[in-house]
Each structure stands twice: as C-alpha cells, then as structure tokens.
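Dear colleague,

Please find the structure below, together with its sequence. My notes on what was found in it follow.

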Amino acid sequence: MAASLISRQLALSLQKNLWLSPAGCRYVSKAATKTQVDYDYDGPSMKTTVPGPRSQELTKQLGDIQNVGAIHFFCNYDESRGNYLVDVDGNRMLDIYTQISSIPIGYNHPALLKMMTNPNNMSAFVNRPALGILPPENFPEKIAESLLSVAPIGMTRVQTMACGSCSNENAFKAMFIWYKNKERGYSSPSEEDMSSCMINQTPGCPELSILSFMGGFHGRTMGCLATTHSKVIHKLDVPSFDWPIAPFPRLQYPLEEFTRENAQEEARCLEEVEDLIVKWRQRGKPVAGIVIEPIQSEGGDNHASPDFFMKLRNIARKHGCAFHVDEVQTGGGGTGKFWAHEHWGMEDPADVVSFSKKLLTGGFFHKDELQADKPYRIFNTWMGDPSKNLFLAEVLNVIRRENLLEEVNRSGKALLNGLYELQAQYPGLLSRARGQGTFCAIDACDAATRDRLVQQARDKGVLLGGCGDRSIRFRPALVFKEYHVHIFLNIFNDVLAQNK
C-alpha cells in the first residue's frame with residue numbers, strides 16, 4: 001500500500017516501460033502516454049518461484065480436506081491491485097489470465113470498494129434472497145440498470161443465475177420447453193406426459209437433443225457436459241446424453257492468406273451441421289437447439305468468420321432449432337465489443353445468449369417466446385445474487401466513463417502485433433497468433449513447450465493460461481493498457497530466448 005501504489009512513482013514507471021522491436025532490441029515505449037491509474041502497481045516483483053513456500057504449505061493443509069490438484073498458488077487478494085495479482089509469498093504478477101477471464105476492471109477497483117461503504121447497499125450484501133419467490137423491492141430497477149442496459153440486440157428478457165454452467169443448463173431447459181410447447185401447439189401436456197416424466201420415460205421426458213461442436217466448452221453440469229468436448233478430464237467416467245456433435249472450423253492463419261481454404265472448411269462444417277440435424281430427426285432425437293461459442297475458448301481459441309455464424313443461424317431457423325450463443329467467456333468486452341457476437345453484424349443474432357464471468361453474475365438473455373410457460377420450470381433457490389447486479393452496474397459505469405472498450409481495442413492491437421513479431425522471431429516455438437481485442441491466443445510447438453513457457457513466464461511475473469492442445473490464451477482485464485502489453489512482451493521475449 002505503499003510506495004509502489006503512489007501515482008507519482010507509477011507515472012515515472014511509464015518512462016521505463018520497454019518494447020520489443022522485430023530485431024529483438026529494446027527501447028523506450030512511445031505508445032503509452034497515459035499515466036497509470038493510481039490503484040495499479042508499477043510492474044511485477046518476484047521473491048520466490050511460484051508456488052512459493054507459503055503456498056506449498058497451504059496447499060498441503062487444504063490437501064487434507066479436498067482435492068488440490070488444480071491449485072496453482074494461494075493469493076493475497078488484499079494486496080492485489082489493478083492488473084496485478086499478489087500471492088501469499090509476496091510475489092506480484094501481471095495477470096493476463098484474470099481468474100479464467102473473469103475479472104472485468106482489475107483487482108480492488110476503487111469504484112467497487114466504494115460501493116461496499118455505501119449503507120444503501122448493505123442489505124444486498126447481508127441478505128441473499130431466493131430471487132424466484134422473494135425478490136427485494138429494488139430488483140427490477142437494478143436489473144434494468146445492469147443487465148438490461150447491455151442486453152443483446154432484440155432481447156428484453158433476462159433470467160439471472162449464479163454461474164456459467166447453471167446459466168447454460170437452464171438455457172438448455174428453456175429451449176427444450178419451448179420446442180415441446182411449439183410441437184404440441186401450446187396445448188396442455190397430457191396425463192401420459194405427466195406420469196411418464198416422473199419415471200424418466202417418454203413422452204414426458206422426450207428424446208430431444210442439443211447440437212454442439214467439437215472443441216466446445218459449455219460447463220461441467222450433466223446437461224452442459226453433453227455439449228462440452230474440449231478436454232478428456234471434463235468428461236471421463238460421467239454418463240452423458242447421445243447428442244449430435246458437429247466439427248468446428250479449423251482455420252489456417254494468417255486468415256488473409258488462406259481465404260479460399262478457410263471458406264471451404266467452414267462450408268464443410270456447415271454441411272455437416274445440416275446433415276446431423278436431419279439424421280438426428282430420423283433417429284427420433286430432433287435437435288431442439290444449437291449451442292456455440294463465438295470463439296471456442298477452452299478448446300483452443302478457435303475462431304470462425306461472421307459468414308459462418310450467419311449461415312449457421314440460418315440453418316437453425318430453417319430447421320426450427322433455437323440458436324444459443326454462449327458468451328460466458330467472450331462476453332463483457334474482452335473482444336473489443338461488449339458481446340463477441342456483435343462482430344458478426346447481424347440484426348437477429350440469437351434466440352438465447354448466456355453469460356457469466358466478466359458480468360459477475362450469471363444468466364441468459366432470451367427472446368420472448370422462450371419465456372417459461374409455468375412457474376418453477378426455470379428455477380433454483382438463489383437464481384443469482386442481487387449484490388452482483390450492484391457491482392455489475394458500477395462496472396458498466398466504469399467501462400463507459402473510462403472508454404474501456406476503446407482501450408481494449410488499442411491494447412489488443414498492440415498485443416496481437418507483438419505476438420506476430422514474436423512468432424516471426426521464434427518460428428520454432430510459436431505460431432498461429434490470433435485474436436479479437438485482447439481476447440488473443442498463440443500456439444506453442446507442442447503441449448510440453450506450452451506448459452513450460454507458461455510456468456517460466458509465471459516465475460518472471462506474468463500469469464498466462466493454456467487452452468486446447470498447445471495454445472496460450474490471453475484474458476486480461478479491461479483496464480489492461482498498452483504499457484502492460486509492453487511489459488508482457490519484454491518478459492515473454494526473455495522466456496522465449498531461454499527456450500530458443
């Protein structure tokens with residue numbers, strides 16, 4: 001709290017930010033002209049390797065209570081600021097992964113801390129109501145201030161949930177209910193429907209399906225897991241539904257050099273989608289909905305063109321399927337637009353859009369016709385958390401006030417250009433740099449090299465994430481500036497030089 005937080009020193013630190021030229025030499029950055037916000041640190045500061053002794057001790061303690069195999073290290077969130085995460089060993093790291101793309105405006109943002117001191121907000125923090133039956137008086141107003149103010153085009157309805165998995169799980173249920181109501185002509189279910197559903201039999205539990213894509217990730221709950229196809233560890237030993245899985249386009253990079261090949265690949269995948277819809281209907285398991293990410297994230301940061309998504313949307317319409325865009329990881333501004341699907345330029349992009357992570361709460365927007373027809377059909381105890389809507393409203397204020405989407409586009413351009421230069425300098429290590437905004441990725445030559453680069457970067461003070469078979473993904477907060485890009489590129493260049 002100290003000296004490194006003083007804005008005067010932070011301003012001075014800008015003069016020291018270094019940038020990597022194509023030749024690999026260093027020079028003072030001329031791009032970063034703005035002074036750093038006064039709650040951010042001036043750079044990484046490492047005292048131990050990560051995890052350090054205290055993290056290892058705490059991991060051992062927790063290991064006596066639960067599985068700790070996924071824990072990277074323990075954090076000191078009180079000391080974390082802005083783009084920097086501090087661990088319990090005093091290591092300060094530039095966080096370009098942000099809790100798997102979940103921190104919208106950095107750690108301990110003053111605007112959010114101030115909210116905690118407002119007595120008008122106290123009730124929302126102290127009481128967590130069962131929103132589906134006993135919402136607070138100001139709930140409609142707060143939903144309008146937060147979620148509805150960023151509703152995707154054509155949508156005025158939103159159902160709050162607690163996390164990304166339950167958002168998608170309940171969105172799937174909404175699509176199934178909509179499909180069956182449409183099929184039976186919106187008449188009441190029969191006695192047979194009601195009795196058979198209680199023993200998990202048709203017709204009450206119909207043989208419907210959701211079409212998903214290889215490489216997709218939509219969550220780890222039972223329904224979502226049937227549409228998740230990114231890592232074996234997610235699915236092994238868990239029973240699942242027999243639902244159709246289409247290929248997601250595997251584009252070649254740079255995109256401008258492979259226009260014809262990529263168009264052919266997307267056409268192949270779209271043809272397969274339509275074939276699967278027909279085949280599953282013939283098998284008696286019609287496709288009620290299609291779910292897809294605008295950028296496949298866990299599966300390897302796989303992109304497709306706007307034309308692909310437009311044609312996929314049309315296929316869904318043609319076959320009477322709901323079209324569900326999963327924006328749990330891509331939503332909230334990281335791609336340079338608040339919703340990644342805005343890059344498609346469509347007037348009617350989706351029937352359902354799910355969200356969580358950077359939006360702090362979970363849930364899904366939907367068209368009017370996907371509104372549940374009876375109470376308790378889309379329901380759980382909490383159905384979200386009113387305090388998260390308060391925080392989200394303030395996050396949105398900060399985004400607008402500080403023009404953070406413009407910052408994302410500036411920083412994203414610098415990051416992607418830097419990744420292009422690094423892959424040109426280290427062609428044996430890196431390839432396929434890609435991204436929108438700061439939602440970027442690059443491939444290592446193999447999984448072992450990827451994991452080593454991520455670990456070495458962490459020991460030098462930069463937190464990165466892996467995805468897919470061998471990709472490194474970048475998921476910084478929206479307050480990630482150009483000079484943070486330069487700090488990262490210099491450190492990552494040092495790491496790559498060690499592995500050349």
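The axes are lines fitted to C-alpha atoms, for helices over the stretch in contact, and the angles run from 0 to 180 degrees between N-to-C directions. Helices are DSSP runs (H or I, at least four residues), numbered from the N terminus.

The model is a predicted one, in which local features need pLDDT of at least 70 and side-chain atom pairs count only at pLDDT 80 or more, while totals for chains, interfaces and linings use all residues. Residues are numbered from 1 along each chain as its sequence is written, and side-chain values use heavy atoms, with hydrogens and water left out.

**Helix pairs**

The axes of helix α14 (residues 404-425) and helix α16 come within 9 Å and cross at roughly 15°, and the two are therefore roughly parallel to each other. Their crossing is right-handed, a term for a near helix turned clockwise from the far one by less than a right angle (left-handed if anticlockwise). Contact means heavy atoms within 4.5 Å. On the α14 side the contact includes Arg 410, Ala 414, Leu 415 and Leu 422, and on the α16 side it includes Glu 482, Val 485, Phe 488 and Leu 489. By class, the contact of α14 with α16 has 9 nonpolar, 4 polar and 2 charged residues. Here Ala, Val, Leu, Ile, Met, Phe, Trp, Tyr, Cys and Pro count as nonpolar, Asp, Glu, Lys and Arg as charged, and the others, Gly among them, as polar.

Helix α16 (residues 482-498) also pairs with helix α15 (residues 447-459): their axes come within 10 Å and cross at roughly 130°. These two helices are therefore oblique to each other, and their crossing is right-handed. Leu 453, Gln 456 and Ala 457 in α15 meet Phe 492, Val 495, Leu 496 and Gln 498 in α16. This contact of α15 with α16 has 5 nonpolar, 2 polar and no charged residues.

**Nonpolar cores**

A nonpolar core is a set of buried Ala, Val, Leu, Ile, Met, Phe, Trp, Tyr and Cys residues joined through side-chain atoms within 4.5 Å. Buried means under 20% relative accessible area, exposed over 50%, and partly exposed in between (1.4 Å probe, protein chains only).

The largest nonpolar core has 79 residues, and among those that touch the most other members are Leu 211, Phe 213, Val 273 and Leu 312. Helix α7 (residues 164-183) supplies the largest share of this core, 9 residues. Apart from it lies another core, of 33 residues, among them Leu 419, Leu 430, Cys 440 and Val 454.

**Single residues**

Lys 180 is found in helix α7 and counts as buried, at 17% relative accessibility. Leaving aside neighbours within four places in sequence, Lys 180 is in contact with Pro 206 and Leu 208.

Leu 390 is found in helix α13 (residues 386-401) and counts as buried, at 9% relative accessibility. Leu 390 and Lys 142 are 248 residues apart in sequence and 6.9 Å apart in space, C-alpha to C-alpha.

His 229 lies in the loop between α9 (222-225) and α10 (232-235). At 11% relative accessibility, His 229 also counts as buried.

With kind regards

Note on methods
Angles under 35 degrees count as roughly parallel, over 145 as roughly antiparallel, 65 to 115 as roughly perpendicular and the rest as oblique.
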